[in-house]
Amino acid sequence: MAGMRIAVCLPGSMAGTVNEAVAEVMAPFEIGGGRADEFDIWDYYRICGGAEGFGFATRAGFESDPRLLHDQPRFNGTSEPSLPGMCAGGPRGLLDLSANHAESVALAGRAWDLWTELSSRYPAPESLEAFVARSKAEMGVPQYLTFRMEGYPDPWTPAYERYQAQPLCSAYLSALDDLKRTSRSHRYGTSFLDCFDPIQRVGGLTREAFISQHSRYGLGFNNVLTLNGWWYGDGDPGLHSACESRAVCPHTPDIGSGSGADVDRYLLGLPDDALLIYLRLHV
């Protein structure tokens, strides 16, 4: 079993009965519900996302609006407040759906700027290639080898360590870790802004090129349960709660496909009073 996150869409008229409404629309997809195997998706869920920063960003000026939703308590009864500017859901018109892209662009720009700032304080470092060449020579590994070959030691691991221990590289990687730790960078994946070779992967790029490579595009909510009961998860075609299976469903899907771009268009096209609720599932 694993975890999954999904944005559930409800009509604005359900604002006063969110917990009950979410339970009703999620029920067809519960494991062991007696339907076809393709409907066996989750066995536990919780409304959350504000406290951990995975949920929705609120529009400026609406951070204290009582219509916003926040994390339900955990199974042991503990709860945490939402991070500043974050929530677990609410009316679409109160949510800043473009925040994922804008924030990732700002963080990528700051990561590039850090290299420029630190470069003026430390001596110019040697390239990674130079360290690899020396390690190969020390270990008797042919220079032409670009991958580990049986019978030869590994020259790359010590080369990486020595390369990254140089004052500028070490200072940059430490500052980058600090930047990621003090931001909500985890919402873009564990590899966001990872950099094993800052000379080439940061200093070797223009600011615009670096941002283009590292920022996250789209709204970032690829899994969705639509207003009409269509479940889209992990890019798969929709699964309609009103039908017995995909094979016999005669209805026109709410979304053309499960692609991120199609899901984005659907969410952006919802009326302002439609409710978006962020769930973490055990699947």
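This is a predicted model: local features need pLDDT of at least 70, side-chain atom pairs count only at pLDDT 80 or more; totals for chains, interfaces and linings use all residues.
View 1. Phe221 and Tyr278 make an edge-to-face aromatic pair, 5.8 Å centre to centre with 80° between the planes (rings of Phe, Tyr and Trp, the last by its six-membered ring, pair with centres within 6.5 Å, and planes over 60 degrees apart count as edge-to-face). The two sit 57 residues apart, Phe221 in the loop between α7 (207–214) and β6, Tyr278 in strand β9 (helices, H or I, need at least four residues and strands, E, at least two, as DSSP runs numbered from the N terminus).

Numbering starts from 1 along each chain as its sequence is written. Local features need pLDDT of at least 70, side-chain atom pairs 80 or more, while totals for chains, interfaces and linings use all residues, and side-chain values use heavy atoms, leaving out hydrogens and water.

**View 2. Trp42 meets Tyr45.** Ring centres 5.0 Å apart and planes at 80° are why Trp42 and Tyr45 count as edge-to-face. Both residues are buried.

**View 3. Strand β1 and its neighbours.** Six of the eight residues of β1 are buried, so the rest of the structure largely encloses this strand. Eight bridges tie β1 to β9 (residues 275–282), running antiparallel (strands pair if DSSP finds at least two bridges). Here Ile6 faces Leu279 of β9. On β6 (residues 224–225), which runs parallel to β1 with two bridges, Val224 stands opposite Ala7.

How values were computed
Buried means under 20% relative accessible area, exposed over 50%, partly exposed in between (1.4 Å probe, protein chains only). Rings of Phe, Tyr and Trp (its six-membered ring) pair if their centres lie within 6.5 Å; planes under 30 degrees apart count as stacked, over 60 as edge-to-face and the rest as tilted.
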